[in-house]
Amino acid sequence: MLWDLVVIYCAYTLCRAVFLMLNWSLFAGSLTFGHGLELFGAGLLFDTPAILYTNAVIILMLLLPLHWKECPAFYRVARWIYTIVNSIAVCMNLMDCVYFPFTGKRTTASVFAEFSNEETGEMLKIFGGQFLSHWYLVLLAAIVTWLFWRLFQPRGNGENGRDGCNGKYSVSTYYVVQVISLLVAIPLCIGAIRGGFTKATRPITISNANQYVNRPVETGIVLNTPFSIMRTLKKTPFVVPDYMSDEEASALYTPLHTPADSAAFTPRNVVVVILESFSKQHIGFYNKTLRNGTYKGFTPFLDSLLTTSAMTYRYSYANGRKSIEGMPSVLSSLPNFVEPLFLTPASLNTMSGLARELGENKGYTTAFFHGAQNGSMGFQAFARATGFQRYYGRDEYNADPNFNGDADFDGTWAIWDEEFFQFFAEQMSQMKEPFMTALFSASSHDPFVVPKKYQGHFPQGERPLQQCIAYTDYALKRFFETASKQPWFKNTLFVITADHVSQQIDPFYCTSLGNYSVPIIFYAPSDQSLHGYDEERVVEQIDIMPTVLGYLHYDVPFIAFGFDLFNTPSNEGLALHWLPESSGYEYVWGDYALQFDGKDVTAAYTFRTDSTFSHNVLNTMPHATRDHMERQMKSIIQQYMQRMTSDNLVVKK
């Protein structure tokens with residue numbers, strides 16, 4: 001079995017080499033020999049799940065102890081399956097050698113939708129012409145197919161005798177060897193297909209390729225076509241709706257920001273802190289009247305900061321419900337519609353973000369911090385894809401002699417927040433200013449435990465999560481105590497938000513809108529004017545990027561789906577998010593929250609006065625208001641889908 005798998009790995013690597021040679025002009029400008037070897041090495045990580053998925057039947061056939069008496073016939077069947085399955089995979093890879101220059105990325109499952117309406121005869125003509133034009137690839141595929149047939153081991157009776165099966169073993173020994181091999185192979189295959197063995201590891205997907213590349217186009221070298229198709233088979237491709245003309249859509253709304261600010265750019269440091277599961281439900285400041293004023297929350301430090309020094313909003317919302325949906329929204333102003341961006345072919349698009357805009361155009365040092373194992377959750381891949389120059393994870397923490405390494409590991413996910421926040425502060429003190437950094441916390445996550453030294457120290461609350469919220473709030477307090485002593489502190493704009501909500505309790509927080517209610521906080525120690533509690537404006541996570549760039553007087557055009565909160569009238573504020581439970585949208589503007597199923601508005605609520613969404617006012621709300629909201633919402637959705645499907649998420653230079 002191992003020999004047969006090695007042969008397949010060699011075939012995939014050969015296809016990768018051919019792919020590179022035939023598309024050399026796309027990579028020659030920046031691809032060094034050393035980096036090329038790194039990309040080929042990374043490619044093996046993506047070849048593994050593709051090979052194990054497509055050869056699962058073969059692996060079982062070779063390891064299940066069912067065939068010791070019928071070895072020759074059994075292996076002839078296995079040999080045919082092995083040859084056919086892997087020949088198809090090789091053909092997919094070789095076809096992308098030709099297709100890639102037209103698409104800029106590996107073929108995904110969306111190809112089936114793209115060609116679904118084509119006539120069979122026409123498609124055969126097209127493919128026939130391509131076969132003739134690229135006869136050398138057809139010949140190579142035929143040679144590799146023959147090699148699969150010839151090199152398959154064991155070949156069964158008549159070629160290698162019975163030694164390749166079980167002829168040289170006793171029956172009892174054969175069964176012992178087969179069972180042990182099977183028991184070892186199953187967990188190894190599962191871990192290899194997922195891309196890791198820990199609970200913190202999400203199944204590897206196409207977006208993880210960004211972790212290893214310097215330019216998005218290099219993901220074509222790292223990935224292979226069978227993997228790209230398999231990982232997107234069940235993913236709904238972005239479909240561009242035809243709600244209105246492009247001109248009308250652009251007139252209603254545009255994500256293109258063209259700064260006209262005459263003030264000079266202000267090179268402040270920017271620090272974004274994304275707190276795991278920190279919904280407003282758990283923060284006392286936002287709930288002063290909750291439960292007749294008796295609710296205190298679990299965040300005394302944040303409450304103090306919000307009361308005395310920061311700017312925040314009553315109606316502020318997340319753009320998704322998962323961690324992997326929070327990062328694109330907060331750092332790149334990309335909302336989450338239909339599917340998490342990380343898990344779709346669009347994750348290979350060229351994307352911008354705070355790191356790329358400030359790093360490439362203003363010379364900022366940029367870094368992303370997350371205390372979990374490097375590569376987990378796809379954060380490292382996304383950070384690199386959006387321009388972060390450095391990544392600090394559990395590996396970097398363990399390598400720092402000033403900290404305790406894995407002694408500070410929580411045993412499940414990551415380094416405890418208190419210690420990792422201190423590491424965060426120390427690393428920034430070593431960076432060249434100005435810098436832009438982001439930290440994603442981890443301790444307020446299932447299984448909801450705190451360090452042993454703090455057990456019983458924080459209030460337990462009604463949910464297990466809440467003592468972890470209190471612990472992370474304490475870690476944040478200690479971070480600011482350390483940061484406030486650093487020379488870079490007063491020249492820094494801090495942004496604090498949550499990735500998503502979790503474990504909601506009170507009725508308001510359990511509505512469709514309440515399930516997106518997260519804090520959005522701006523804090524600049526040297527700017528006393530940046531303080532207050534806006535109880536009118538509607539804001540969302542995708543507003544963070546344009547607001548930060550506007551605050552710095554950024555003077556370069558960029559794409560962002562949010563608004564600059566400090567320079568946009570409050571009555572223009574809005575929030576739009578996907579409702580997975582209904583496969584629709586919720587749009588918040590003015591005094592209303594509309595619910596939309598993709599075709600029709602299905603409900604409307606006066607969210608400011610009807611916080612529990614008890615009364616559907618769709619039929620009584622002003623018609624002009626409904627019409628305006630529906631048209632603008634459709635404009636945003638249509639332009640988002642267009643830009644996702646056409647890889648148009650950055651301003652072309």
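The buried residues of helix H18 pack against strand S2 (269–275), strand S4 (365–370), strand S5 (390–392), helix H17 (394–399), strand S6 (435–440) and helix H19 (465–483). This picture, like everything that follows, comes from a predicted model. The buried set in H18 consists of Asp417, Glu418, Glu419, Phe420, Phe421, Gln422, Phe423, Phe424, Ala425, Gln427 and Met428; because 11 of the 13 residues of H18 are buried, the helix is largely enclosed by the rest of the structure.

Setting aside residues up to four places away in sequence, Gln427 touches Phe369, Tyr392 and Asp400.

A cis peptide bond, with omega at about -5 degrees, joins Glu433 to Pro434. Pro434 has a relative accessibility of 17%, and since the limit for a buried residue is under 20%, Pro434 counts as buried. Leaving out neighbours within four places in sequence, Pro434 is in contact with Pro267, Arg268, Asn269, Tyr364 and Thr365. Of these, Arg268 is 166 residues apart from Pro434 along the chain, yet the C-alpha atoms of Pro434 and Arg268 are separated by 6.1 Å. Another cis peptide bond runs from Asp446 to Pro447, with omega near 20 degrees, and Pro447 is placed in the loop between S6 and H19.

Backbone geometry also draws attention to Ser277, which has a positive phi of about 65 degrees although it is not a glycine. Ser277 sits in the loop between S2 and helix H13 (300–308) and is buried, with a relative accessible area of 3%. His553 likewise has a positive phi, near 60 degrees, in a residue other than glycine; His553 is found in the loop between helix H20 (544–551) and strand S10 (558–559), and with a relative accessible area of 23% His553 is partly exposed.

Turning to the packing of helices, two packed helices are described by the angle between their axes and the distance between the axes. The axes of helix H1 (residues 2–22) and helix H8 (residues 135–151) come within 11 Å and cross at roughly 170 degrees, which means that H1 is roughly antiparallel to H8. On the H1 side the contact is made by Trp3, Asp4, Val7, Ile8, Ala11, Leu14, Val18 and Leu22, and on the H8 side by Tyr136, Leu137, Leu140, Val144, Phe148 and Leu151. These contact residues divide into 13 nonpolar, no polar and one charged.

Aromatic rings give a further view of the fold, for the structure holds 61 aromatic pairs. In one of them, Tyr82 and Phe152 form a tilted pair, 4.9 Å centre to centre with 45 degrees between the planes. Tyr82 lies in helix H5 (residues 71–103) and Phe152 in the loop between H8 and helix H9 (171–194), so the pair ties together parts that are 70 residues apart in sequence. Tyr82 is buried at a relative accessible area of 1%, and Phe152, at 0% relative accessibility, counts as buried too. The rings of Phe489 and Phe494 have their centres 5.5 Å apart and their planes at 45 degrees, so this pair is tilted; Phe489 is buried at 8% relative accessibility, and Phe494 is buried at 0%.

Technical notes. Residues are numbered from 1 along each chain as its sequence is written. This is a predicted model: local features need pLDDT of at least 70, side-chain atom pairs count only at pLDDT 80 or more; totals for chains, interfaces and linings use all residues. Side-chain values use heavy atoms; hydrogens and water are left out. Contact means heavy atoms within 4.5 Å. Buried means under 20% relative accessible area, exposed over 50%, partly exposed in between (1.4 Å probe, protein chains only). Helices (H or I, at least four residues) and strands (E, at least two) are DSSP runs, numbered from the N terminus. Axes are lines fitted to C-alpha atoms, for helices over the stretch in contact, and angles run from 0 to 180 degrees between N-to-C directions. Angles under 35 degrees count as roughly parallel, over 145 as roughly antiparallel, 65 to 115 as roughly perpendicular and the rest as oblique. Ala, Val, Leu, Ile, Met, Phe, Trp, Tyr, Cys and Pro count as nonpolar, Asp, Glu, Lys and Arg as charged, and the others, Gly among them, as polar. Rings of Phe, Tyr and Trp (its six-membered ring) pair if their centres lie within 6.5 Å; planes under 30 degrees apart count as stacked, over 60 as edge-to-face and the rest as tilted.
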